[in-house]
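Have a look at it alongside me.

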Amino acid sequence: VSTQSTGEDSGVPRLLRDAQVLPIWEGTTNVLALDLLRVASRDATAVADFVARSSARAAESAQAPLRRAQVAIEQALAQIAAASPSAAPASARALAMCVGAHYAAALVSEAALASGARADAFVAQRWLDVLLPTFVRELEWQNTNVTSADVDTLRSVAFDIADNGTVRSCAGQDVDARGRQRPRF
């Protein structure tokens with residue numbers, strides 16, 4: 001971790017970096033997100049069944065937060081199934097992160113119940129009260145009827161497209177259609 005990033009007081013630098021990097025669909029997380037979409041398109045109930053089995057493993061006290069996440073995941077899967085193929089990847093990453101957080105919360109809750117240790121119970125409660133709701137809120141926000149037109153609108157916020165077709169990022173750098181900085185000759 002860079003020491004410079006710890007001094008930022010607002011989220012603006014992160015948003016600027018994300019606006020330049022997120023259009024590039026490469027990397028482990030995004031590949032896994034697209035793989036999750038592939039699984040969901042082949043078997044509509046596979047992801048929902050996995051999430052339900054994960055919830056069943058957890059302690060009784062964890063059921064309410066896990067249920068909220070499960071409902072958000074099921075709603076996202078239904079919207080993705082109804083969306084156009086070009087709009088589905090827009091919420092794939094948030095879906096994959098929420099499924100992973102749900103599974104982690106269920107496992108941590110199960111481990112805390114089995115060990116009976118106060119420290120394990122604290123970690124499980126932290127996952128359920130703070131971390132899991134963060135991923136659920138992101139999925140709910142991301143999944144508010146994202147269409148390909150919305151994706152184009154978001155891209156236009158991050159990139160200024162001139163009449164001559166030149167694309168500039170928010171930082172004023174010349175970039176190509178995928179958000180990569182163009183070399184200057």
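**Ground rules**

I am working with a predicted model, where local features need pLDDT of at least 70, side-chain atom pairs count only at pLDDT 80 or more, and totals for chains, interfaces and linings use all residues. Residues are numbered from 1 along each chain as its sequence is written, and side-chain values use heavy atoms, with hydrogens and water left out.

**Entry 1: layout**

I looked up the elements and found 7 helices and 3 strands. Helices (H or I, at least four residues) and strands (E, at least two) are DSSP runs, numbered from the N terminus. Read from the N terminus, the order is α-α-α-α-α-α-α-β-β-β.

Next I checked burial, where buried means under 20% relative accessible area, exposed over 50%, and partly exposed in between (1.4 Å probe, protein chains only). Of the 185 residues in the protein, 30% are buried. The protein exposes about 11500 Å², and carbon and sulfur atoms supply 57% of that area (Shrake-Rupley method, 1.4 Å probe; for residues, only the protein chains shown count as cover).

I also looked at contacts, meaning heavy atoms within 4.5 Å. Among those between residues at least 6 apart in sequence, 61% join residues at least 24 apart.

**Entry 2: helix α3**

I noted that α3 covers residues 46–57, 12 residues in total, and reaches 17 Å from its first C-alpha to its last, close to the 16 Å expected at 1.5 Å a residue. The expected span is 1.5 Å times one less than the number of residues.

Which residues of α3 are buried? I found V47, A48, V51, S54 and S55. They sit on the same side of α3, because they cover an arc of only 120 degrees around the axis (the arc is that of the directions from the helix axis to the C-beta atoms). R53 and A56 are exposed on the other side of α3. The cover over the buried residues of α3 includes α2 (28–42), α4 (63–82) and α5 (92–115).

**Entry 3: helix α2**

I ran the same checks on α2. Its 15 residues should span 21 Å at 1.5 Å a residue, and its end C-alpha atoms are 21 Å apart, which agrees. N30, A33, L36, L37 and A40 are buried in α2. Seen down the axis, the buried residues of α2 fall within an arc of 110 degrees, so they line one face of the helix. T28, L32 and R42 are exposed on the other side of α2. The buried residues of α2 have cover that includes α3, α4 and α5.

**Entry 4: the core**

I then turned to the nonpolar core, a set of buried Ala, Val, Leu, Ile, Met, Phe, Trp, Tyr and Cys residues joined through side-chain atoms within 4.5 Å. The largest one has 30 residues, and V47, L66, I73, L95, L132 and L139 touch the most other members. Two or more residues of this core come from each of α2, α3, α4, α5 and α6 (118–142). The largest share, 9 residues, comes from α5.

I followed up on L139: leaving aside its neighbours within four places in sequence, L139 is in contact with A72, I73, A76, A94, L95 and C98.

S109 is in helix α5 and is buried, with a relative accessible area of 3%. Beyond its neighbours within four places in sequence, S109 is in contact with A58, A59, A62 and A124.

Q70 is in helix α4 and is buried too, with a relative accessible area of 9%. Beyond its neighbours within four places in sequence, Q70 is in contact with V51, A52, S55 and H102.

**Entry 5: salt bridges**

How many salt bridges does the structure hold? I counted 3, taking a salt bridge as a side-chain nitrogen of Lys or Arg within 4 Å of a carboxyl oxygen of Asp or Glu.

- D35 and R38 meet at 2.3 Å, N to O. Both lie in helix α2, 3 residues apart, about one turn of the helix.
- E110 pairs with R57, the closest N and O atoms being 2.9 Å apart. This pair links distant parts of the chain, with E110 in helix α5 and R57 in helix α3, 53 residues apart.
- R68 and E140 meet at 3.0 Å, N to O. R68 lies in helix α4 and E140 in helix α6, so the pair ties together parts that are 72 residues apart in sequence.
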